[in-house]
Every structure is written in C-alpha cells, then in structure tokens.
Amino acid sequence: VGCRRPPRRFVWIFPTTVLCGYGFFANMRPSEPFLTPYLLGPDKNLTETQVFNEIYPVWTYSYLVLLFPVFLATDYLRYKPVILLQGLSLIVTWFMLLYSQGILAVQFLEFFYGLVTATEIAYYSYIYSVVDLNLYQKVTSYSRSAALVGYTVGSVCGQVLVSVAGWSLFSLNVVSLTSVSVAFAIAWSLPMPQKSLFFHHHPSLQVSKEMKVLNYKNGTIIQHNPALKKVPGLEDCYSSWPLVCWSVWWALSTCGYFQVINYTQGMWEIVLPSQTSEIYNGAVEAVSTLLGAVAVFAVGHIKISFLTWGEIVLAMFSLFIAAAVYIMDIVHNIWVCYASYMAFRVVYMLLITIAT
C-alpha cells in the first residue's frame with residue numbers, strides 16, 4: 001500500500017513553512033543596524049568619505065547590474081538554486097565583514113551584498129510556483145512577515161546586546177553569520193518547483209482545448225481556443241495597466257528605498273555621533289520592522305479590490321513616504337529622524353506587499 005498524499009488544500013503548508021523559516025533566519029542579522037558605526041570604528045577603521053563615497057555605492061550599482069540576469073536565472077533554474085545562492089552570498093558577506101581588511105576587500109564584500117539583494121526575487125517569487133492561485137495573497141503576507149519578523153528579532157537582539165550586555169559590534173557580526181548559516185541549511189529542504197513563469201511549464205497545465213484567461217480590466221473570465229500554445233512574454237505580462245502602474249512604482253520606490261536605507265545611518269551619525277553618544281539604531285529598526293510586519297500580515301487578510309482603489313492608495317501613501325524622507329532630511333533632531341524613518345519603512349513595506 002502506497003503512502004497517502006496529504007489533501008491538496010494542505011500541500012502549500014510545508015513549502016510555505018520552510019520558506020518562512022529561511023526568511024526569518026536570513027534576515028535575523030543583529031549587526032546590520034550598526035553597520036556604519038562598525039565600518040567607521042576600530043574594527044575596520046575606514047573614513048566617512050571611504051564608506052559613503054567608495055564603498056556603499058558598490059552595493060547599489062552591483063544590485064542594478066545583477067538584477068536582470070538574476071531575474072532570468074531565477075525563472076530558468078526554478079527558484080531554489082537562486083535561493084541557495086542567496087544563502088551562500090549572505091555567508092560570504094558576513095564572513096568577509098568579520099575578517100576582511102582594507103577598502104578593496106570591503107568593496108568586494110559590498111558586491112556580494114548586491115548579489116544578496118538581487119536574489120531576493122527568488123525568495124519572494126518561489127512560493128507562487130508551488131501553491132494555487134487562490135492562496136497567493138495569504139502566502140505573500142506570510143513570507144514577507146517572516147522576513148520582517150526575523151529582521152525585528154535581529155534588531156532587538158542587536159540593541160539589547162550593545163546597550164545592556166555591552167557586546168562589541170564584532171560579536172554581533174558573529175551572531176549574524178551564525179543566523180545566515182542556519183538559513184542556508186534550511187533552504188536545502190525547500191521542494192524543487194516543477195514549473196516557472198517563462199521557461200518551465202507543467203505538462204498538466206498545458207490545456208489543449210480551452211484556456212482560461214483572466215481579463216483584469218473588468219474582472220470576468222474569458223474562455224477561448226488558442227491557436228498556438230505560446231510561452232508568456234513581456235507583451236502578455238504587461239498588457240495590464242494596473243500591472244504596469246505598480247511595476248513602475250516598484251522600480252522607482254525600490255530605488256529610493258535602497259538609497260534611503262543605504263545612507264540613513266550615515267545621516268544619523270552626523271546628527272548624533274556613535275563614538276560620543278548612545279545610539280538606538282537597533283531599536284528603531286526593530287520597531288519599524290515590527291510595525292511593518294503587522295501591516296504586511298494584515299494586508300494578506302484584507303478583502304479589498306486594489307484594481308479599484310490601488311492607484312488612490314498608491315498616490316496617497318507615496319506622498320506620505322516622500323514627506324517622511326523630506327522631514328528626516330531637514331529636521332536635524334535624532335528623534336524626528338527616527339520617527340520619520342519608521343514611518344517611511346512601514347508604508348513602503350505595506351505598499352511593496354500589495355504590489356507583490
């Protein structure tokens with residue numbers, strides 16, 4: 001007698017749980033809120049000019065160059081190998097953060113971190129290849145919430161270990177390296193998807209007689225007989241105006257988001273130097289990420305038509321984000337900076353989840 005398969009409605013639980021476990025540990029990095037003080041401190045002994053003008057931009061441009069080839073590789077390799085690549089890149093990044101010395105070595109480190117952020121697409125798109133369409137909203141909120149909760153836990157641990165236990169920033173990086181190593185081990189348990197959007201299609205999904213196509217314009221389902229079975233292309237994917245709108249917003253907002261988080265710690269360092277004052281970077285990151293996780297989890301269970309209200313939501317919250325960044329820049333008070341940063345991150349996390 002063969003083993004009974006679990007009911008279809010429960011098939012999504014295992015891959016979602018494993019993916020969330022990976023996302024939690026991959027983002028539980030207590031040293032990250034203190035990256036700038038670490039690089040400027042005695043461990044690396046770099047100058048502000050080197051960090052902000054010669055090191056951090058390497059991450060930004062590496063991410064830009066790697067994003068498109070990684071996108072194609074993610075679909076062609078069916079997600080899991082790219083998630084493993086991300087886990088390995090995280091290990092290399094934090095190992096080098098611990099032991100590399102000199103500006104060239106740290107620039108090389110930033111390249112690997114660019115690879116980490118470019119391969120995030122595999123983490124956030126993997127789950128759609130192994131679950132049914134009606135579960136997309138739910139599993140999106142779960143996978144993003146897991147990553148944000150992991151970042152929250154890491155930030156809390158970092159702040160407590162620095163402010164209360166008096167740990168060095170080097171020790172925080174050891175904890176981060178351990179966490180990302182656990183994530184890499186967990187990633188091997190992910191089931192290998194049998195299909196992807198462009199390059200791989202499951203045979204059972206190739207319908208010979210009729211194909212159901214969603215008409216996103218009016219919400220109805222149209223059935224027709226396609227003369228040819230063609231692989232989805234950019235023209236098919238971007239024939240929907242809401243998809244184009246959200247994609248353009250995604251590109252611009254993600255660019256802005258990375259720029260802000262890349263240089264925020266530097267601005268805080270100017271407003272309140274870490275060498276002479278008690279800093280609360282970890283606490284700020286923790287609170288903002290926790291609030292973001294709550295918002296992301298909630299959006300997965302809210303019944304709202306984003307086809308109807310999406311553009312209004314997009315416009316209002318985008319203006320709010322812009323205002324938060326502007327206030328953070330012009331008001332040189334550390335607590336105003338902290339509050340503006342938290343508002344910025346929470347709203348961005350909410351919108352990027354809706355866009356997903």
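**Close-up views of a predicted model**

View 1. The structure holds 1 cavity of 30 Å³ or more, a cavity being a set of points, on a 1 Å grid over the protein atoms alone, where a 1.4 Å probe fits but cannot get out. About 40 Å³ of space lies in this largest cavity, where a volume is the space filled by probe spheres set on the points, which are joined across faces, edges and corners. Its lining, meaning residues with an atom within 4 Å of a point, is made of Gln265, Trp268, Glu269, Leu272, Ile279, Asn281, Ile334 and Tyr338. Helix H10 (241–271) and helix H13 are the elements that give two or more residues to this lining, and H10 provides the largest share, 3 residues.

This is a predicted model, in which local features need pLDDT of at least 70 and side-chain atom pairs count only at pLDDT 80 or more, while totals for chains, interfaces and linings use all residues. Residues are numbered from 1 along each chain as its sequence is written, and side-chain values use heavy atoms, with hydrogens and water left out.

View 2. Helices here are DSSP runs (H or I, at least four residues), numbered from the N terminus. The 22 residues of H13 should span 32 Å at 1.5 Å a residue, and its end C-alpha atoms are 31 Å apart, which agrees; the expected span is 1.5 Å times one less than the number of residues. Because 16 of the 22 residues are buried, H13 is largely enclosed by the rest of the structure, where buried means under 20% relative accessible area, exposed over 50% and partly exposed in between, with a 1.4 Å probe and protein chains only.

**View 3. The largest nonpolar core.** A nonpolar core is a set of buried Ala, Val, Leu, Ile, Met, Phe, Trp, Tyr and Cys residues joined through side-chain atoms within 4.5 Å. Among the 84 residues of the largest one, Tyr22, Leu39, Ile83, Trp268 and Leu351 touch the most other members. Helix H13 (residues 334–355) gives the largest share of this core, 11 residues.

**View 4. Two residues between helices H3 and H4.** Arg78 lies in the loop between helix H3 (48–77) and helix H4 (80–99), and Tyr79 is found in the loop between H3 and H4. Although Arg78 is not a glycine, it has a positive phi of about 65°; Tyr79, not a glycine either, has a positive phi of about 70°. Arg78 is partly exposed, with a relative accessible area of 23%, whereas Tyr79 counts as buried at 8% relative accessibility.

Methods
On a 1 Å grid over the protein atoms alone, a cavity is a set of points where a 1.4 Å probe fits but cannot get out, and a pocket is an open set with protein on both sides within 12 Å along at least five of seven lines; lining residues have an atom within 4 Å of a point.
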